[in-house]
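These are my notebook entries on a structure that I looked up piece by piece. I wanted to see what lies inside it and how its parts cover one another.

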Amino acid sequence: MILILIAKYRDKLVSAGDVLKESQIKYSDEIYCPVCKNRVILKHGRFKMAHFAHKSKSACQGISEPESLEHLSGKLEIYGNFEKMGNLPLFQNYFSSIAQRADIFVEDKDLAVEFQCSPISFERLKQRTNGYQIDGKKVVWIL
């Protein structure tokens, strides 16, 4: 099972752990998947870490693989930096035309940002870069 650790609440990205700690956020509040924009709910328990799950069956294309805390933290840092510069980044934006998900996509700059923490072959990197270029997007890799 893949855990969704980040969601959107009042136009800000929040982590499931932060929602547990934040007394102002209620379980009934509207919290959304940053990818498909559908409602998610917070789940946690004695044996599972806090995470979000889609409220109803979803064909969300954005969450496709587990990720390390290092990868998640890096994406959040990149997202926050683009926000501070006045951009409106999208988190884990899925491009159905090339069946690819960008870690961060800055729409007004047509820029995909990929934060790569694990090994990736040159062939795979080239393939993904070509996909973005075919779709008319610039891409920056942070390796």
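Before starting, I wrote down that a residue counts as buried when its relative accessible area is under 20%, and that the model I am reading is a predicted one.

Entry on helix 2. I looked up which residues of helix 2 are buried, and found His-71, Leu-72, Gly-74, Lys-75, Ile-78, Tyr-79, Gly-80 and Phe-82. I then looked for what covers these buried residues, and the list includes strand 1 (6–9), strand 2 (12–15), strand 5, strand 6 (100–106), strand 7 (111–115) and strand 8 (138–142). After helix 2 comes Gly-86, with a positive phi near 90°.

Entry on the cores. The largest nonpolar core has 13 residues, and Val-19, Ile-31, Val-40, Leu-42 and Phe-52 have the most contacts inside it. Strand 1, helix 1 (16–21) and strand 3 (40–43) each give two or more residues to this core. Another core, of twelve residues, lies apart from it and has Leu-13, Leu-72, Ile-104 and Val-106 among its members.

Entry on the cavity. I found one cavity of 30 Å³ or more, and the space in the largest cavity is about 30 Å³. Its lining is made of Lys-8, Pro-34, Lys-37, Tyr-79, Pro-89, Leu-90 and Phe-91, of which five are nonpolar, two are charged and none is polar. The largest share of this lining, three residues, comes from strand 5 (residues 89–95).

Note on methods. Residues numbered from 1 in each chain as written. Predicted model: local features only at pLDDT ≥ 70, side-chain atom pairs only at ≥ 80, totals over all residues. Heavy atoms only, no water. 1 Å grid on protein atoms, 1.4 Å probe; cavity = no way out; pocket = protein on both sides within 12 Å on 5 of 7 lines; lining within 4 Å. Points joined across faces, edges and corners; volume = space filled by probe spheres on them. Helix = DSSP H or I, 4+ residues; strand = E, 2+ residues; numbered from the N terminus. Nonpolar A, V, L, I, M, F, W, Y, C, P; charged D, E, K, R; others polar. Buried < 20%, exposed > 50% of the residue type's maximum accessible area, 1.4 Å probe, protein only. Contact = heavy atoms within 4.5 Å. Core = buried A, V, L, I, M, F, W, Y, C linked by side-chain atoms within 4.5 Å.
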